[in-house]
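Dear colleague,

Please find below the structure that I am handing over to you. My notes on it follow directly after.

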Amino acid sequence: MPVVRHHLRCLDCEALAPASLDLACERCGGLYEIDYPRLAEGGIRLPLTALPLGQGGTPTISFDWPDALRLRLELKLEFLSPTGSFKDRGAAMLVSAAWSGGASAFVEDSSGNAGAALAAYAAAARMSAEIFVPADAPETKKAQITAVGGNIHAVDGDREAVAQAAEQYSQERGIPYLSHNRSPYFSEGMKSAAEEIAEHGLPDAIVLPVGNGSLLIGLYRGFRELVQLERIERMPRLYAIQAMNVSPVASAFRNQDARDPQPTMADGIAVSKPPRLTQMLEAVRESGGAAGVVSELEIEMARATISQRGLFVEPTSAVPLAALRRLLERGMLAEDERVLVPLTGSGLKQPPIR
């Protein structure tokens, strides 16, 4: 994938700014996206070359799912990434942006997987990583962060409280706050998955778990570029699935007020106020997809089912599998369609409680 000169464009006022780690537009406070002056020759554009730890290139397998017998289901095994989750794609790009900008340390907040990925790529770049996590984040994820040299800061409260603590620490210490949820570089790193999927054979639909939406946004941007390059004729429909207990994207898609968040076993997508909600809705609607929810029981049952079939994933990865039957019943997926589900995180991240 070619590296192309880029700048930042505000999603709200469309002001352009030079490439930097800035998270918000100086003019209006809106979030940025990466903007390129031209299409590249033949491939998806990237803003810079990412640090290599073996991210990307995950296998895709065919799979028979008992709730979706009429579908040609495929699973993309993103949990085989170096740190055990799809977050490696975005972390590699974001840490590379910080490293190329001369940073020797950074602050980040995470529910676990992104923190582990960012800490790993920080270690590869010989950078210091200050990672803020919820105090109740899975111990396995916190252990992974410290194992690769990340410094853990556990915060009581929800994800918003964790983010506020990280930003305050950044300001007090003068260390860059990367915020993978707000930085455009993180979702830009996810575009590589779109090219891999297209090379394997374009599915009719992709059903994926969504919290802050980096994979959803990255896939949408990647497929859109492939359409512009005429490498594909259309993009797959994108279905954003959330836990019923924390479902702001699904509520916004239905033009409903978001319900008060409740605890969910799918901690990786327990995000009640995603900063890139507008972009997520655009990705879903423009691709012809939809947003939906599944219950805690459905998540638990889906995780147990796929584990019994040999694939051990964390609860967040089971969320889209739990939605397949409902999508079929509602006519959103049709008989004999090719449907791809990315399995985003390893079960070793969050072993079942016995």
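The axes of helix H10 (residues 296–308) and helix H11 (residues 315–329) come within 8 Å of each other and cross at roughly 100°. Axes here are lines fitted to C-alpha atoms, for helices over the stretch in contact, and angles run from 0 to 180 degrees between N-to-C directions. H10 is therefore roughly perpendicular to H11 (angles under 35 degrees count as roughly parallel, over 145 as roughly antiparallel, 65 to 115 as roughly perpendicular and the rest as oblique). Helices (H or I, at least four residues) and strands (E, at least two) are DSSP runs, numbered from the N terminus. On the H10 side, the residues that meet H11 are Glu-298, Ile-299, Ala-302, Arg-303 and Ile-306. Their counterparts in H11 are Pro-315, Ala-318, Val-319, Leu-321, Ala-322 and Arg-326. Contact means heavy atoms within 4.5 Å.

Please note that this is a predicted model, in which local features need pLDDT of at least 70 and side-chain atom pairs count only at pLDDT 80 or more, while totals for chains, interfaces and linings use all residues. Residues are numbered from 1 along each chain as its sequence is written, and side-chain values use heavy atoms, with hydrogens and water left out.

I turn next to the nonpolar cores. A nonpolar core is a set of buried Ala, Val, Leu, Ile, Met, Phe, Trp, Tyr and Cys residues joined through side-chain atoms within 4.5 Å. Buried means under 20% relative accessible area, exposed over 50%, and partly exposed in between (1.4 Å probe, protein chains only). The largest core has 71 residues, and Phe-106, Leu-216, Leu-219 and Phe-223 touch the most other members. Apart from its neighbours within four places in sequence, Leu-219 is in contact with Ala-193, Ala-194, Ile-197, Ile-206 and Leu-208. A second, separate core of 33 residues includes Leu-77, Ile-306, Val-313 and Ala-323.

The charged side chains form 23 salt bridges (a side-chain nitrogen of Lys or Arg within 4 Å of a carboxyl oxygen of Asp or Glu). In one of them, Glu-33 and Arg-9 meet at 2.2 Å, N to O. This pair links distant parts of the chain, with Glu-33 in strand S3 (residues 32–35) and Arg-9 in strand S1 (residues 7–10), 24 residues apart. Both Glu-33 and Arg-9 are buried.

Another salt bridge joins Glu-225 to Lys-191, with the closest N and O atoms 2.5 Å apart. Here Glu-225 belongs to helix H7 (residues 214–228) and Lys-191 to helix H6 (residues 191–200), 34 residues apart. Glu-225 counts as buried because its relative accessibility is 3%, and Lys-191 counts as buried at 0%.

Finally, the structure holds zero disulfides (a disulfide is a pair of cysteine sulfur atoms within 2.5 Å). Cys-10 is in no disulfide, and the nearest cysteine sulfur, that of Cys-28, is 3.4 Å away. Cys-25 is likewise in no disulfide, with the sulfur of Cys-13 the nearest, 3.7 Å away. Cys-10 counts as buried at 0% relative accessibility, and Cys-25 counts as buried at 7%.

Yours sincerely
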